[in-house]
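I opened this model to look up its charged contacts and its pockets. My entries follow in the order I made them.

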Amino acid sequence: MAALRVTEIFRSLQGESRSVGWPTVFVRLTGCPLRCVYCDTAYAFSGGERLELAAILEQVAAHGVRHVCVTGGEPLAQPACLELLEGLVAAGYEVSLETSGALDVAQVHPQVVKVLDLKTPGSGEAARNLYANLDHLDAKDQVKFVIADEADYAWAKAKLAEYRLPERCEVLFSPVAGVQNPTELAEKILRDRLDVRFQLQLHKLLWGDQPGV
């Protein structure tokens, strides 16, 4: 039976994306090939517990909610993540996948909502973006830009136009917490009439940087 290394499974409110605010079970898989400078889940780079797929599904079911988010680390760094996503969909959950966008999403189950980062220059990992992934997004999916400064904002605007992202799916602009002033970012979006959704990380507003919430 397939098994994955898991850092944590917990219930909280979804803090980001279109489903923000919904009670959600998070399955945080261990490991990530990227090292974004602002990463707030570096504790998931290593360690974790190896769990068989059935055990993960059992833990998810115990929380009794219909939204499940598979995140990391970078969840697709473990090939068995695809089986986990299929198992969650088969069990009837509304499933989302948070991914860096650096690994191929072509084999992700079509019912899974993909929330795909395009890494900005400020992340230090922009060279890892796999732009072919954009061809696998549709209207239910989302592309996220985490913006640290003016250079990131200008870069993100250019990518919106280059790949016509608002025509493909919903686009999210988020400030790097404690680095980019959120009000300034919101005003730039309005000034430039961008067809994007501004978002703050709800879980950080509620609970700060605590892991597992």
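**Salt bridges**

I searched the whole structure and got 18 salt bridges. I count a salt bridge when a side-chain nitrogen of Lys or Arg is within 4 Å of a carboxyl oxygen of Asp or Glu. The model is predicted, so I kept to the cut-offs that go with it: local features need pLDDT of at least 70, side-chain atom pairs count only at pLDDT 80 or more, and totals for chains, interfaces and linings use all residues. Residues are numbered from 1 along each chain as its sequence is written, and side-chain values use heavy atoms, with hydrogens and water left out.

I looked at K140 next. The side chain of K140 meets that of D138 in a salt bridge, 3.2 Å from N to O. K140 also meets D141 in a salt bridge, at 3.4 Å from N to O.

Are these residues buried or exposed? I use relative accessible area: buried is under 20%, exposed is over 50%, partly exposed is in between (1.4 Å probe, protein chains only). K140 has 21% relative accessibility, so K140 counts as partly exposed. D138 is partly exposed too, with a relative accessible area of 36%. D141 is at 0%, so D141 counts as buried.

Then I checked a pair within a helix. E162 forms a salt bridge with K159, with the closest N and O atoms 3.3 Å apart. Both residues lie in helix α3 (residues 150-162), 3 residues apart, about one turn of the helix. I take helices (H or I, at least four residues) and strands (E, at least two) as DSSP runs, numbered from the N terminus. E162 has a relative accessible area of 49% and is partly exposed. K159 is at 13%, so K159 counts as buried.

D117 sits in strand β6. Its relative accessibility is 10%, so D117 counts as buried. A polar contact of 2.8 Å joins the side chains of D117 and K119. For a polar contact I need a pair of N or O atoms within 3.5 Å; within protein, one must be able to donate a hydrogen and the other to accept it, and residues adjacent in sequence count only if both atoms are side-chain atoms.

I looked at E98 next, in strand β5. The side chain of E98 does have a polar contact of 2.8 Å with that of T71.

I moved on to open space. The largest pocket holds about 810 Å³. Of the 42 residues lining the largest pocket, E16, D40, T41, K144 and Q201 are the closest to its centre. My pocket is an open set of points on a 1 Å grid over the protein atoms alone, where a 1.4 Å probe fits, with protein on both sides within 12 Å along at least five of seven lines; lining residues have an atom within 4 Å of a point. Points are joined across faces, edges and corners, and a volume is the space filled by probe spheres set on the points.

Elements that each supply at least two residues of this lining include β1 (3-13), β2 (23-29), β7 (142-147), β8 (170-175) and α6 (202-207). By class, the lining of the largest pocket divides into 18 nonpolar, 14 polar and 10 charged residues. I count Ala, Val, Leu, Ile, Met, Phe, Trp, Tyr, Cys and Pro as nonpolar, Asp, Glu, Lys and Arg as charged, and the others, Gly among them, as polar.

The second largest pocket holds about 190 Å³. It is lined by 14 residues, and S19, H67, E94, S96 and V113 are the closest to its centre. β4 (67-71), β5 and β6 each give two or more residues to this lining. β5 gives the most, with 3 residues. The lining of the second largest pocket divides into 4 nonpolar, 7 polar and 3 charged residues.

**Two more residues**

R28 is in strand β2. At 8% relative accessibility, R28 counts as buried. R28 and A44 are 16 residues apart in sequence and 7.6 Å apart in space, C-alpha to C-alpha.

N129 is in the loop between β6 and β7. At 9% relative accessibility, N129 counts as buried. N129 and A2 are 127 residues apart along the chain, and their C-alpha atoms are separated by 28 Å.
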